[in-house]
Amino acid sequence: MLTTPEGNTKPTWLAIVRLLRWHKPEGRLILMIPALWAVFLAASGKPPLPLVGTIVLGTLATSAAGCVVNDLWDRDIDPQVERTRDRPLASRALSVKVGIVVATVAMGCAGVLAFYLNALTFWLCVAAVPVILLYPGAKRVFPVPQLVLSIAWGFAVLISWSAVTHTLSLPTWILWGATVLWTLGFDTVYAMSDREDDQRIGVNSSALFFGESAPVAIGVFFIGTAILLGWLGWILQLHLIFWISLAFAFVGWVWQCIRLGQKDLPNSSYGEIFRQNVWIGFILLSGMIAGSF
């Protein structure tokens, strides 16, 4: 049985670090990866360093804001979920007022960085804000809320690509589709660890929607990701090293799906597989950069 966390005596600054999830860098990196895919591919492997810095800082600020907004929405749900019951807003280590201030500052930082970008990219940043703000509510009304998160993740591609080219083209949308499918895959894995709690509370997730077929659905998402990335590599005429990195990624995804199909898989394995996707994303990024020359 879950119990209410006892009062937290940790310093406020440390609670804010946990609120921003900076103690769990994999969640920040996995948003940064598709943004870096886009900026390097759009620039044929040689984007301006100041732009890369802007993209990196922008993804950090945006993901931080997204985490706080999510916790504000879920502050009364999180205490009922084993994985999230100790989050600062759920445990009342921080007040709602502090959460709103932190989210506003993070979103403000992202907004300031957006002014460095061209007009199309700026308005894409603006368009992403409602998706980020409304995603946490999707689990209450939409059967596959991870799709909303995937669309939010996809904005990282649109924003970063247009920041280089000032336009959106077929390769942009192919990479967007690959990112949406990849995100659907790894976030469904992540949701599998919360299935019992989510069902008991009455909130939706893709893991519950697909049920026992979740490993198969994840496999389909990863296969779709590989196909779209292969199509993109062919259009952009990427070199051998990219295809090697894609082969490594595909083997990794196959192995993950085999593990997910095992019975009585411990909950810790879902977080482990999620983190493996960070490494897969960086392997693909390396292949994209090296394959562009």
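Phe-186 and Phe-274 are both buried (under 20% relative accessible area, with exposed over 50% and partly exposed in between, 1.4 Å probe, protein chains only). The model is predicted: local features need pLDDT of at least 70, side-chain atom pairs count only at pLDDT 80 or more, and totals for chains, interfaces and linings use all residues. Residues are numbered from 1 along each chain as its sequence is written, and side-chain values use heavy atoms, leaving out hydrogens and water.

**Aromatic pairs**

- Rings of Phe, Tyr and Trp (its six-membered ring) pair if their centres lie within 6.5 Å; planes under 30 degrees apart are stacked, over 60 edge-to-face, the rest tilted.
- This rule gives twelve aromatic pairs.
- Trp-37 and Trp-182 make a tilted pair, with 5.1 Å centre to centre and 35° between the planes.
- Trp-37 sits in helix α2 (residues 25–42) and Trp-182 in helix α7 (residues 170–192), 145 residues apart; helices are DSSP runs (H or I, at least four residues), numbered from the N terminus.
- Trp-37 is buried at 0% relative accessible area, and Trp-182 is buried at 0%.
- Phe-186 and Phe-274 pair edge-to-face, at 5.6 Å centre to centre and 70° between the planes.
- That pair links helix α7 with helix α12 (residues 268–290), across 88 residues.
- One aromatic cluster holds Trp-37, Trp-153, Trp-182, Phe-186, Tyr-190 and Phe-274.

**Surface**

- Trp-231 lies in helix α10.
- Trp-231 is partly exposed, at 39% relative accessible area.

Conventions. Helices (H or I, at least four residues) and strands (E, at least two) are DSSP runs, numbered from the N terminus.
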